[in-house]
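The sequence and the coordinates are shown first.

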Amino acid sequence: MKKITHILGVEVSSEYEDLICYGFDSSIVDEGLPHAVAWPKNAEDVVKIVKYAAQQDLKIIPRGAGTGMAGGSIPNREDSIILSFEKMRKIIDIDADNMTATVEPGTVNGRLQRELEHQGFFYPPDPASLNVCTLGGNIATNAGGPRAIKYGVTRDYVLQLEAVLPDGSLVNLGGRTCKRVVGYDLKQLLIGAEGTLAVVTKILLKILPQPEDIVTLLVRFSDIEAAGNAVPRIITSRIIPRTLEFLDGSAIKVIEQYKPTGLPSGVEALLLIELDGHSATIQKEAEKVISICRDLGGETSVAADKLAREKLWEARRSISPALYHLKPNKINEDIVVPRDKIPFVLSGLRRLSEESGIIIVSFGHAGDGNIHVNIMADKNIAEEYSRGKALIKKIFELTLSVGGSISGEHGIGLAKLPYIEMEIKEREMKLMKDIKRLIDPQNIMNPGKIFIQDRT
Ligand SMILES: Cc1cc2nc3c(=O)[nH]c(=O)nc-3n(C[C@H](O)[C@H](O)[C@H](O)COP(=O)(O)OP(=O)(O)OC[C@H]3O[C@@H](n4cnc5c(N)ncnc54)[C@H](O)[C@@H]3O)c2cc1C
């Protein structure tokens with residue numbers, strides 16, 4: 001194949017050494033190789049590449065940092081151009097008066113967080129991958145994080161999106177104001193669309209003032225169901241914590257083996273609970289939470305200062321890499337269930353693990369019912385891996401039986417494509433496909449992700 005270095009003045013490569021760097025993400029989906037990778041520097045460059053792709057019958061795959069867990073940015077077709085946003089990373093503006101931030105899509109979430117912190121603001125959506133993942137990727141996956149229980153997810157902070165449609169037109173969806181009721185809210189359609197409808201080139205976000213104070217509690221339970229029961233109890237006591245994270249005994253053990261952080265050993269479950277607001281109020285709330293947990297057999301310790309708090313969060317965020325010390329591969333599902341069904345689902349997961357002989361490690365954002373279920377299975381042992389994979393459907397059946405959803409954060413991409421119809425029924429599925437066809441009649445944008453488009 002002829003090597004290319006530029007398309008219409010935009011930097012591009014078709015060198016194998018470059019292409020393999022964009023062939024994977026953080027999912028279990030097999031790697032692929034695109035036709036080329038392009039590094040646009042601005043929206044005009046994106047327009048050029050999208051128009052070129054349409055003319056040449058090539059496909060577009062937008063890519064942030066490749067931390068996606070569903071295969072959304074994997075080149076599943078050889079006729080695709082990866083659009084990588086490494087050269088569009090500017091924080092364009094932080095508007096203190098209107099409490100907004102304008103960023104390019106390649107901006108890393110954690111960089112914006114740190115910049116805002118200096119100025120007394122914060123941007124709530126905080127995926128555990130925040131030091132790597134991009135805000136463009138966060139928009140496309142509607143990313144959430146531990147703070148979602150109180151502050152919501154990415155969708156709740158997007159005021160305006162500039163995007164390039166599959167026909168190469170540049171559109172602005174939404175606006176600078178907090179309120180707006182003028183026609184359909186089309187920007188919402190792009191949020192969580194996994195790059196299948198348009199390429200996001202500029203983002204206007206709502207930001208918040210930093211809370212006055214934070215209290216961080218670590219609660220140890222010797223009974224996993226008691227920990228699960230504590231979650232709805234805390235919420236129904238009219239306290240909405242800023243985070244309410246859950247780790248099961250095997251997650252704790254694996255963190256301590258990988259990178260000892262002083263998490264208590266020999267416990268069945270931990271809750272990491274954070275409260276924010278005015279000091280006096282959250283002290284009272286903390287006392288109430290401690291008492292609720294004590295009634296259920298939980299013992300609480302309070303992080304003494306910012307350093308102690310950071311250490312706990314570092315431990316929490318190290319789970320994903322730590323798991324690879326248990327087995328070389330993990331199948332990570334991010335189911336979400338109504339909060340009061342957490343204990344039922346946790347014991348269901350334990351039963352599935354015992355029946356199959358496959359280790360399942362669970363942790364996650366228990367406050368909003370979002371449990372990360374990690375099926376630990378070695379890909380090199382074919383029988384073990386297929387036993388592990390067979391659990392996916394069973395876990396989804398369990399989830400759907402209690403009114404849950406098969407993905408709370410990561411999306412469908414390629415990884416969950418075989419399962420989407422377990423949740424989305426025929427008529428709703430057709431509606432999604434019709435919308436995709438209307439916006440992208442040539443099926444240029446990230447085809448084959450979320451669902452396979454029917455032939456017309
Ligand atoms: C250790 C770890 C922890 C994680 N924790 C969380 C968590 O707590 N919460 C959570 O929600 N997720 C989490 N994730 C998943 C992942 O970080 C998020 O899905 C994130 O939003 C992906 O961002 P990215 O920049 O890496 O995007 P990528 O993986 O590169 O892409 C993801 C999707 O976005 C699309 N896309 C990227 N940029 C654009 C653009 N500019 N325009 C249109 N489409 C675009 C891609 O085509 C793809 O479909 C975690 C992942 C890891 C590895």
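## Residues with positive phi

In this predicted model, Met99 counts as partly exposed because 14 C-beta neighbours lie inside 10 Å. Met99 is found in the loop that joins strand S6 (91-95) to strand S7 (100-103). Although Met99 is not a glycine, its phi is positive, at about 50 degrees. Most residues other than glycine have a negative phi.

Arg238 is another non-glycine residue with a positive phi, here of about 70 degrees. Arg238 follows helix H7 and sits in the loop between H7 and S14. Is Arg238 buried or exposed? Arg238 has 8 C-beta neighbours inside 10 Å and therefore counts as exposed.

## Overall architecture

The protein chain contains 15 helices and 19 strands. Its radius of gyration is 22 Å, close to the 23 Å that the globule rule gives for 456 residues, so the chain is as compact as a globular protein of that length. The C-alpha trace spans about 65 × 60 × 45 Å along its principal axes.

Of the 456 residues, 48% count as buried. Among the contacts with a separation of 6 or more, 71% are made by residues 24 or more positions apart.

## Domains and the contact between domains 3 and 4

The domain assignment divides the chain into domain 1 (6-84), domain 2 (91-209), domain 3 (213-320) and domain 4 (327-433). The C-alpha centres of domain 3 and domain 4 are 24 Å apart. To their contact, domain 3 contributes 18 residues and domain 4 contributes 14 residues.

On the side of domain 3 that touches domain 4, at least two residues each come from H7, S14 and helix H8 (249-258). H7 gives the most to this side, with 7 residues. By class, the side of domain 3 that touches domain 4 comprises 11 nonpolar, 4 polar and 3 charged residues.

## Helix H7 and its cover

Helix H7 spans residues 224-236, and its buried residues are Ile224, Ala227, Gly228, Asn229, Ala230, Val231 and Ile234. An α-helix has 3.6 residues a turn, so residues three or four places apart point the same way.

Which elements cover the buried residues of H7? The cover includes strand S13 (213-221), strand S14 (243-248) and S15, together with helix H9 (279-295) and helix H12 (342-356).

## Nonpolar cores

The largest nonpolar core has 71 residues. Val219, Ala251, Ala269, Leu270, Leu271 and Ile375 have the most contacts inside this core. Strand S15 (residues 269-277) supplies the largest share of the core, 6 residues. Apart from this core lies another, of 45 residues, among them Ile82, Leu112, Leu116 and Leu135.

Once its neighbours within four places in sequence are set aside, Ala269 is in contact with Phe221, Ile224, Ala227, Phe246, Leu247, Asp248 and Gly249. Two of these partners, Ile224 and Ala227, are among the buried residues of H7.

## Surroundings of Ala198

Ala198 occupies the loop between helix H6 (186-190) and S11. Ala198 counts as buried because it has 30 C-beta neighbours inside 10 Å.

Leaving aside neighbours within four places in sequence, the contacts of Ala198 are Ala163, Val164, Leu165, Leu190 and Met445. Ala198 and Val164 are 34 residues apart in sequence, and their C-alpha atoms are 5.6 Å apart in space.

## The shell around the ligand

There are 38 residues around the ligand, and those that come nearest are Gly64, Gly68, Gly72, Gly136 and Gly137. Strand S4 (59-63), helix H4 (135-141) and strand S11 (199-206) are the elements that give two or more residues to this shell. H4 gives the most, with 5 residues.

How many nonpolar, polar and charged residues does the shell around the ligand have? The shell has 13 nonpolar, 20 polar and 5 charged residues.

Note on methods:
Residues are numbered from 1 along each chain as its sequence is written. This is a predicted model: local features need pLDDT of at least 70, side-chain atom pairs count only at pLDDT 80 or more; totals for chains, interfaces and linings use all residues. A residue is near a molecule or strand if its C-beta atom, placed from the backbone, lies within 6 Å of it. Helices (H or I, at least four residues) and strands (E, at least two) are DSSP runs, numbered from the N terminus. Ala, Val, Leu, Ile, Met, Phe, Trp, Tyr, Cys and Pro count as nonpolar, Asp, Glu, Lys and Arg as charged, and the others, Gly among them, as polar. A nonpolar core is a set of buried Ala, Val, Leu, Ile, Met, Phe, Trp, Tyr and Cys residues joined through C-beta atoms within 7 Å. A residue is buried if 20 or more other C-beta atoms lie within 10 Å of its own, exposed if 12 or fewer, and partly exposed in between; C-beta atoms are placed from the backbone. Two residues are in contact if their C-beta atoms, placed from the backbone, lie within 7 Å. The radius of gyration is taken over C-alpha atoms; the globule rule is 2.2 Å times the number of residues to the power 0.38. Domain bounds come from an automatic or database domain assignment.
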